[in-house]
Amino acid sequence: MDITLADTTETIVKGGRDLFPLLPKAFEGIKTIGVIGWGSQAPAQAQNLRDSLAEAGSDIKVSIGLREGSSSFSEARAVGFSEDKGTLGEMFKVISNSDLVILLISDAAQAKMYKDIFKAMKPGATLGLSHGFLLGYLDSIGETFPPNMDVIAVCPKGMGPSVRRLYEQGKKVNGAGINASFAVHQNVSGKATDLALGWGVALGSPFMFETTLRSEYRSDIYGERGILLGAVHGIVESLFRRYVRQGMTPEQAFTESSESITGNIVKVISLKGIKAVYDMLNPSDKKIFQQAYSASYKPAKEILQEIYDEVSSGNEIRTVIMHGQRINNYPVGKIDGTFTWQVGEKVRATRDESKIPLNPFTAGVYIATMMAQIDVLAEAGHPYSEIVNESVIEAVDSLCPYMHYRGVAFMVDNCSFTAKTGSRKWAPRFDYILEQLAYTAVDNGKPIDTNLISAFENNKVHGAVTECCKLRPSVDISVGSQSSTKEIVIQ
């Protein structure tokens, strides 16, 4: 269906369980789907594909391919995949036997093994990706995918646990699921688009928006360094220290910063849009919001523009690869032992959801950063469907619920290597620039920039967010029993 987002019309493809009977036609010619890896996305996607195809009456086999000796074999067996059924095996054997190879190993592993993977694929097989990192890497070294294969992508806009959890909720509520982007990078067979859409429907996506694989990796890698992960990490650290200096107890400071974002601000955005947070404030709180927004927008945008330039030039991808080459000598530590996150653990243990505030200063800083991210993407020519998904929906409907349940530190410590590398690199930059430029401007009485506030109030993205809010999952993600520390992949 066509929807109007800001001043553009985009085509959104609706999913839903009522479309499952069309899956055999979409997957025509596919006998075996090989899901390679067992990180965050792979368990969810493999189970969703298997269950959807079975419900559609298809005999397509979904097989898991893992490294020889991988400890994940036992986890795959625990959810019904097995060597005896031919649905579990060594990764290159599974690749060579599959008509659709869905490559869900880590970004670093893809960059290291892509030549062997391409070589192992049988003639006529399709390569499926859920992230454009591999294209970004190939771009950075001047290489391309083999020209004789279809290359498609379906990229769920949330973590693997969310993809599975909402799919299971969707068994009772049609339309529950994680929305996704899709891209057809190479269409040698002429059937690649149907296959990509079938894959998205089988994952349970309630709607899908079209992008390009290159646009996807730029917006995605950029977004996780920004408001999805890196920026929110830096914002909380800086606000927590600021509020403690102003005389709050550590527990209150954490509540007014992190808890206010993940437990209140994003809930309003999810249901009513970004501007709704601003509109609901009383006059005195609205002035506080304006002060924080006015002071924070340009410093945040300075960092966000730098991130986008680093990603689009290939520099950020090279950083991830080089970091991976050092990892044995310099393993990545955790951040959850610092004072901020230890206080957060105590706050969550005694949390009363009804008493979580919507702090107007916190809202101004957070929303200024979100809007700056949106504006950088818009200025770079990304479609509004991608902008809203990568800057708003994934933050408020997928990631922040998990941050609220387990903490921002948990998210940073357990996300994918690519996201973790980016968050740890850029979060301090947001922290420092807000501390040095934004908060000092407020404290020194710098006047509110009324042009910035007007630009916020009249930004075209608000209409696009409102339309996208209508397409949000029909139920909230259930996170209450989430206990896995398996690496979270942000797509």
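This tour moves through the structure one selection at a time and states what is found at each stop.

The model is predicted, so local features require pLDDT of at least 70 and side-chain atom pairs count only at pLDDT 80 or more, while totals for chains, interfaces and linings use all residues. Residues are numbered from 1 along each chain as its sequence is written, and side-chain values use heavy atoms, with hydrogens and water left out.

**Helix α2**

Select residues 41-55, which form helix α2. Helices here are DSSP runs of H or I with at least four residues, strands are E runs of at least two, and both are numbered from the N terminus. Helix α2 has 15 residues and reaches 21 Å from its first C-alpha to its last, close to the 21 Å expected at 1.5 Å a residue; the expected span is 1.5 Å times one less than the number of residues. Twelve of the 15 residues of α2 are buried, so the helix is largely enclosed by the rest of the structure. Buried means under 20% relative accessible area, exposed over 50%, and partly exposed in between, with a 1.4 Å probe and protein chains only. Among the buried residues of α2 are Q41, P43, N48 and L53. Just after the helix, G57 takes a positive phi of about 80°.

**W38**

Next, select W38 in the loop between β3 (32-36) and α2. W38 is buried, with a relative accessible area of 8%. Display E75 as well: the side chains of W38 and E75 make a polar contact at 3.3 Å. A polar contact is a pair of N or O atoms within 3.5 Å; within protein, one must be able to donate a hydrogen and the other to accept it, and residues adjacent in sequence count only if both atoms are side-chain atoms.

**Salt bridges**

A search of the whole structure finds 22 salt bridges, each being a side-chain nitrogen of Lys or Arg within 4 Å of a carboxyl oxygen of Asp or Glu. Select E55 and R17, whose closest N and O atoms are 2.7 Å apart in a salt bridge. E55 lies in α2 and R17 in the loop between β2 (8-14) and α1 (23-26), so the pair ties together parts that are 38 residues apart in sequence. R17 counts as buried, at 16% relative accessibility.

Move to R225 and E316, which form a salt bridge with their closest N and O atoms 2.7 Å apart. R225 lies in helix α9 and E316 in helix α14 (residues 315-326), so this pair ties together parts that are 91 residues apart in sequence. R225 is buried at a relative accessible area of 0%, and E316 is buried at 0%.

Then select R50, D51, R164 and E168, which are linked in a network of salt bridges.

**Nonpolar cores**

Colour F145, I269, I274, Y366 and I367, the residues with the most contacts inside the largest nonpolar core, which has 121 residues. Helix α16 (residues 360-379) gives the most to this core, with twelve residues. A second, separate core of 37 residues includes L23, A42, A76 and A180. A nonpolar core is a set of buried Ala, Val, Leu, Ile, Met, Phe, Trp, Tyr and Cys residues joined through side-chain atoms within 4.5 Å.

**Helix α19**

Finish at residues 417-443, helix α19, which has 27 residues and reaches 38 Å from its first C-alpha to its last, close to the 39 Å expected at 1.5 Å a residue. Centre the view on L434, where α19 has a kink of about 40°; the bend at a residue is the angle between axes fitted to the seven residues ending there and the seven starting there. Just after α19, G445 takes a positive phi of about 75°.
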